Every structure is written in structure tokens, then in C-alpha cells.
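Q: I have some questions about how the terms used for this structure are decided. Please set each value against its definition.

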Amino acid sequence: IKKGFDLAILDDGFQDLSIYKNFNIVCFNQKQWTGNNLLIPAGPLRENLSALNRADCILINGKKDTKIENQIYNVNKSAKVFYSKYKALDIDKFKGKKICAFAGIGNPSNFFELLKENNFNLINTFSYSDHHNYSYSEIENMVKKFNDCILLTTEKDYCRILQNSILKDFKIEYLKIGLEIENKDNFIKLIKDKI
């Protein structure tokens with residue numbers, strides 16, 4: 001406000017009711033959807049599904065799923081539902097090479113599935129909790145055990161590892177990933193109309 005910006009975009013701001021928001025986009029992964037339907041820490045949800053009555057737009061990463069859509073429309077008939085999918089961008093860099101993949105994100109299995117879908121030569125995978133702080137010994141053990149493989153992780157994990165100067169000694173690669181949104185023009189128009 002002090003700097004005169006016209007627009008503020010919040011990441012994970014849906015639950016903060018102290019801030020008035022003009023437009024709410026809620027994201028889900030089709031594979032996990034609402035998991036066991038329980039709230040954190042017992043499950044993956046930050047709020048009950050009934051909170052979707054505050055959402056303007058739902059972005060589902062995955063395949064079209066009318067069962068999920070029906071659950072959304074039972075709570076919010078006017079919500080706009082869009083689908084997206086992740087796309088590996090630099091596949092050629094890793095073709096024919098042995099890969100040991102690791103990830104410390106919300107659902108590491110989604111990253112590993114993307115590698116499998118793109119026919120990566122996946123030798124082994126290691127899953128860590130979201131926002132995991134990698135130790136020197138964890139990375140060193142992977143390097144020693146899989147020294148004939150490329151250690152591959154997500155860009156998010158890679159950036160976190162680089163912040164720890166001790167870990168800069170290791171050769172780690174990350175996969176560039178893009179997001180494709182179905183009906184992208186309609187999605188953008190919906191946002192621009194609000195702006």
C-alpha cells in the first residue's frame with residue numbers, strides 16, 4: 001500500500017481471513033484431492049471443504065474428474081474449475097542417463113510419477129517431508145551410494161540446497177517443470193476481469 005502497488009498476490013493466503021481478497025484461486029492435485037478428508041495435522045486439509053464457498057476459481061492439477069467437480073459444485077455452484085498439468089521441460093538433458101531422484105515437497109510421489117511418465121531411467125527415489133532441510137550426510141550418502149547416477153531433484157529443493165553452502169560441494173541437478181493450463185485464455189480472462 002505504501003509503495004502504491006495496484007495488485008498483491010498472496011501464496012497460501014486463502015485461510016487468512018484478516019485480509020480482504022478480491023479473488024481467490026484454490027489449487028488441488030487430482031490424485032490426492034482431499035486425502036483422508038481430515039485437517040492438518042491429521043490430514044492434508046487446511047480447512048474443511050465447505051471453505052470452498054469463498055473460492056472464485058479452483059485449479060486442479062491432473063485429469064478431468066467429474067466426481068471432484070460435483071463435490072466442488074455442491075459447496076459452490078458459481079466456482080470456475082480449471083485443469084492443469086505439469087510438463088517436464090528439459091527431458092533431453094537426462095535421456096539415457098541413470099537417475100536417482102529425491103524430493104522434499106508436499107507430495108514427492110507426484111515428482112517421481114512425472115519422471116516415470118517421461119521415461120526417465122529411474123534407479124532409486126528418496127522422499128522427504130515438505131520443506132525438508134537436507135543435511136550434509138543425507139546428500140553425501142546418496143552421492144556415495146549412487147555415484148554412477150545423476151542426483152535429480154525439484155527446482156524448489158535445489159534452491160533450498162543451494163542456500164546451505166556446505167551442500168554446494170555436490171553435483172545435483174534439477175528438472176525444469178512448466179505448467180500447462182487447459183482453457184488458459186479463459187483462465188487469464190477471469191483474472192484480468194477481476195483486476
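Q: Why is cysteine 27 called exposed?
A: The model is predicted, so local features need pLDDT of at least 70, side-chain atom pairs count only at pLDDT 80 or more, and totals for chains, interfaces and linings use all residues. Residues are numbered from 1 along each chain as its sequence is written, and side-chain values use heavy atoms, without hydrogens and water. Cysteine 27 has a relative accessible area of 54%; exposed means over 50%, buried under 20%, and partly exposed in between (1.4 Å probe, protein chains only). Cysteine 27 is therefore exposed.

Q: What makes cysteine 149 buried?
A: Its relative accessibility is 14%, so cysteine 149 falls under the 20% limit.

Q: What kind of aromatic pair do tyrosine 128 and tyrosine 134 form?
A: Rings of Phe, Tyr and Trp (its six-membered ring) pair if their centres lie within 6.5 Å; planes under 30 degrees apart are stacked, over 60 edge-to-face, and the rest tilted. The count by this rule is 9 aromatic pairs. For tyrosine 128 and tyrosine 134 the centres are 5.1 Å apart and the planes 80° apart, which makes the pair edge-to-face.

Q: Which pair is tilted?
A: Tyrosine 136 and phenylalanine 170, at 4.9 Å centre to centre with 55° between the planes, form a tilted pair.
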